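Dear colleague,

Please find the structure below. My notes on the sheet and the helix packing follow it.

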Amino acid sequence: MPAERRIRIGIDTGGTFTDVVALDEETGELVTTKTPSTPSNPADGFLAGIAKVLDLLGAGDDSVSAVSHGTTVATNQLLEGKVDRLGFITNTGYEAMLEIARQSVPDGYGNSYFWVKPDRIVPRDLVKGVEGRLDPTGAEVRPFDEAGARETARWFRRQGVNTLGVCFLHAYADPRHELRMLEILREEHPDAVVSISSEVLREYREYERAMTTLVDAAVKPRLSAYVRNISERLQEYGAPPFYVMKSNGGVLSAAEVVHQPITTVLSGPAAGALGAALIAQVAGFDKVLTSDGGGTSTDVSVVIDGEPTLTTEGSVGAFPSKIPMIDVVTVGAGGGSIAWLSPEGTLKVGPQSAGADPGPLCYGKGGTEVTITDAHVVLGRIPPHLLGGEIPLDVEAARAGVEALAEQLGLTPEAAAAGVLEISAWNQANALRQVTVKRGLDVRDFALVTFGGSGSLLLCRLMDVLGLPTVLVPPNPGNVSAFGLLTVDVKNDYVQTHVALADALDPAVVEGVYDDLTARAATALSGEGFAPEQHVFARTADLRYYGQAFEVRVPVAAGPLDPAAVAAEFHAAHRALYGYDFAADPTQQVEWVNLRVSGIGPITRPEIARHGGLDTPARSSRATRPASGARGVCFDAADGYVDTPILQRTDLPPGTSVAGPVIVEEFGSTVPIHPGFEARVDEYLNLIVTRSNA
């Protein structure tokens, strides 16, 4: 094969399938495919995906120019609570920081009588204090106890605790005590994997900073081994540049990401949100919700004007993480989510998942419990095979499982299967409400973009439940997350706490902090191979009204600092979020809290092609395509099975319009269009679904 071809590859490893998208940088050709995930060793599915897509392109092993990867290694480890033995080093007198934690109680204080505080990420007996103290400005109050630090390091070595987190008070203002502790640990306990808070999160609030540092330490061994394994196996492809997706919407080289593994905890969902954002923006939608349905879960987010919403108040499982991340809400409503009966006999769905192995009953790999995919198969909403016939499904096994469940519920099999899907739809709808209604947004103002292998199966029901006007389904929806990996810039975030009331703010000091953060970002971008003229920097600040406990992030324009303009941005953002502001009340002072800089190394994004077809300026009233077949599909248990035409999506040119009931199938996913809905194909080959009377 000619070596001059340059193929850039995006790979998203999910719970059931590994999705692959390849871009020929010379011709702009995009090729997508899928391969089963390999949970026992995800690297196997990763390499199988590369081999498969290169074969489809007819390209040689030496043509790979770069690989970008969205990984769930850190996410799954935290969601499953598989945290190995950790040690924690903090200031003497603050050893109970993790036990005290915060006052928040799940489901509100009405639940406080019954709620039992979960186990801490580090048990109390593995927390050690070291003498020494800084004040909030970084001035030393008490000197660092080097002898005590050495004894602490030796104690952890004797105990065989090889993963450690270090968080000293006010290390965000001056890291010298933490850096000295790190040096002593390297001397006395050289085998230890160590994370220090001043490198992970240079921001105030000790508990959140400590938890974020400990989570970083917890995932570091496993993620490092995984990334190192893939990097070594990429040698057979000429060791191309290898990037890993971060939660903040950027990528970072694998060599660097192992030093900040916590930044990958929402790696896969972030890529999907970015890919969907670009597709929707090109199609003319500026306010969209994204819904990424996979085998294990569904991830939802908000995109406004092409930019997903960011947060630093996120968590993964039971672990708060104050790193910048795309604001994604995850619900256990994927294709493999298990239907089960509660002790009271009521039907529940998820969050437990059958995953890829053994998978749903219809996979015929030893699964024993009914899943959402089984319900779709029994109702005829998906074909009796996946991936265009590569994976045949055992419809009878699924039907037997659903019949057994229906018998327990006293329902018909169709009613039981429809009930499973109804619960799943409401679970997804509630997640979408969390990112809209709970953020002060009207869900009806948004279009919904559904993608992922299972993301589009319930779109018509979601439109009914939420009152959504429009749903967009991209072409190859199962591969949108992998496509998103090809649209992502290199990005690093830097933060410095700087608490000051607006009246006492010294613009020169603030500009100095921003200059320092920008210099750190520039150094990192140069290390990633970007020339200085390619560097892009975005400044933001976290502000609040004096006395508030939480902040609002607002943009800070480049150039000389204009505190009044930043305050005006804050008042407007506060009103949008909470419905009020104090812009006209001089007694309510604005307080600056954190200063942030993002360093961005831009990449060339693939172009989304526009297609000709039936969609012309003199549009026909309705263009239809002949069905490639038909099967009985149950859209409503009371109506039973309806003979429904089956259309192949690749046969539908722009301008095609079809009315439900109809099933639109393609290689990686299926879109059931219910009675009362219609779909048209736009010039970018997106399916645009609306109500028939809309």
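Contact here means heavy atoms within 4.5 Å. Axes are lines fitted to C-alpha atoms, for helices over the stretch in contact, and angles run from 0 to 180 degrees between N-to-C directions. Helices (H or I, at least four residues) and strands (E, at least two) are DSSP runs, numbered from the N terminus.

The model is predicted: local features need pLDDT of at least 70, side-chain atom pairs count only at pLDDT 80 or more, and totals for chains, interfaces and linings use all residues. Residues are numbered from 1 along each chain as its sequence is written, and side-chain values use heavy atoms, with hydrogens and water left out.

Four strands form an open sheet in the order E6-E5-E9-E10, with parallel pairing; two strands pair if DSSP finds at least two bridges between them. E6 (127–130) and E10 (193–196) are the edge strands, each with a single partner, so one side of each has no neighbour in the sheet. From one strand to the next, the twist averages 20°. E5 (residues 87–91) and E9 (residues 163–166) are joined by three bridges in the parallel sense, and Gly87 has Leu164 in E9 as its bridge partner.

Helix H4 (residues 146–159) lies across E5, E6 and E9, at about 165° to E6. Helix H5 (residues 176–188) lies across E5, E6, E9 and E10, at about 175° to E10.

H11 (residues 395–409) packs on H12 (residues 413–434) at about 95°, with the axes 8 Å apart. The two are therefore roughly perpendicular (65 to 115 degrees).

Regards

Note on methods:
Parallel < 35°, antiparallel > 145°, perpendicular 65-115°, else oblique.
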